[in-house]
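The following note sets out points for a colleague to consider alongside the structure. Each numbered point takes up one topic.

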Amino acid sequence: MSGTISVCCTACGRRHRYTAPSYPCACGAPVAPELDPRASATAVTHRTWDEEWIGVRCAACGTESRWPRPELGCPCGTVLCVPVDPAAAGRAKRTPGSRVPAHRTVPVRTARDAVTAAVLYLRGLGHRDVRRADQPPLSGIGLAAPGLVVQVDPTVAPASVRDVECLWLTAMAESALGLYFSLAGYTEDARARADLLDLPLFVLDPTGVSRPVNAPAVALDATAG
């Protein structure tokens with residue numbers, strides 16, 4: 001199997017060279033999915049949370065973690081699911097102690113990258129069972145873990161007071177802690193309201209680092225491993 005393969009678009013027939021992205025294992029070694037050059041790419045027509053992730057095993061320490069499945073965007077507009085080695089792409093089974101340190105990051109170029117960066121940070125806080133939220137937020141992407149409700153906002157507009165209040169209400173209804181991750185930051189009113197509600201706010205910078213921007217977030221960040 002290979003880390004770089006030729007991918008043929010199912011819609012226009014154009015061929016592309018695709019190299020699998022690498023991600024940081026908890027041990028510090030880079031890991032990348034095993035691509036299958038003998039299989040054909042398939043067009044992405046609909047998405048489900050479980051199908052968005054594959055298990056990738058680290059060759060250095062043997063730890064298996066879930067990472068976004070490889071995808072390629074063709075200029076014709078088709079999104080292709082890049083084939084991976086079925087023997088190496090099982091569903092990840094996380095074991096106790098597989099906590100990912102908070103400083104492990106991935107560059108943020110797309111909304112999927114923003115979600116991945118947030119998931120990495122949550123793992124650094126000890127939340128390993130992160131999934132798509134049952135009730136999606138009005139804007140952005142909702143994630144959930146036991147005792148946790150998370151909103152990831154990959155848009156270019158700062159989060160508003162309404163965004164903060166909606167997350168807080170959702171978290172209260174589920175007796176959970178709410179966390180907000182934004183790429184564009186927050187309005188002054190939103191930050192003031194979050195402080196009153198004791199809601200942690202984080203900004204994701206282009207390198208994927210989650211930076212706390214208010215006191216509740218600073219306190220939470222101090223617990224990251």
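**Notes on the predicted model**

1. C61 is partly exposed, since its relative accessible area is 40% (buried means under 20%, exposed over 50%, and partly exposed in between, with a 1.4 Å probe and protein chains only). This cysteine sits in the loop between strand 6 and strand 7 (64-68). C61 and C25 are separated by 36 residues in sequence and by 8.7 Å in space, C-alpha to C-alpha.

2. This is a predicted model, in which local features need pLDDT of at least 70 and side-chain atom pairs count only at pLDDT 80 or more, while totals for chains, interfaces and linings use all residues. Residues are numbered from 1 along each chain as its sequence is written, and side-chain values use heavy atoms, with hydrogens and water left out.

3. The protein contains four helices and 15 strands (DSSP runs numbered from the N terminus: H or I of at least four residues for helices, E of at least two for strands). Of its 225 residues, 46% are buried. Among contacts (heavy atoms within 4.5 Å) between residues at least 6 apart in sequence, 57% join residues at least 24 apart.

4. Helix 1 (residues 111-124) has 14 residues and should span 20 Å at 1.5 Å a residue, which agrees with the 20 Å between its end C-alpha atoms (the expected span is 1.5 Å times one less than the number of residues). Twelve of the 14 residues of helix 1 are buried, including D113, R123 and G124. G126, which follows helix 1, has a positive phi, near 100°.

5. The largest nonpolar core comprises 45 residues, and V7, L122, V150, V152, L179 and F181 have the most contacts inside it (such a core is a set of buried Ala, Val, Leu, Ile, Met, Phe, Trp, Tyr and Cys residues joined through side-chain atoms within 4.5 Å). Elements that each supply at least two residues of this core include strand 1 (4-8), strand 13 (177-182) and helix 4 (215-221). Helix 1 gives the most to this core, with eight residues. Apart from this core lies another, of 14 residues, among them V149, V164, L167 and A190.

6. Beyond its neighbours within four places in sequence, V7 is in contact with R14, R15, H16, Y18, A41, L72, L80 and V82.

7. The largest pocket has a volume of about 370 Å³. On a 1 Å grid over the protein atoms alone, a pocket is an open set of points where a 1.4 Å probe fits, with protein on both sides within 12 Å along at least five of seven lines, and lining residues have an atom within 4 Å of a point. Grid points are joined across faces, edges and corners, and a volume is the space filled by probe spheres set on the points. Of the 16 lining residues, P21, Y23, R109, T110 and D113 are the closest to the centre of the largest pocket. Helix 1 gives the most to this lining, with four residues.

8. The second largest pocket holds about 300 Å³ of space. Its lining has 23 residues, of which A133, Q135, V149, T170 and E174 are the closest to its centre. Helix 2 (161-173), strand 11 and strand 12 each supply at least two residues of this lining, and helix 2 gives the most, with five.
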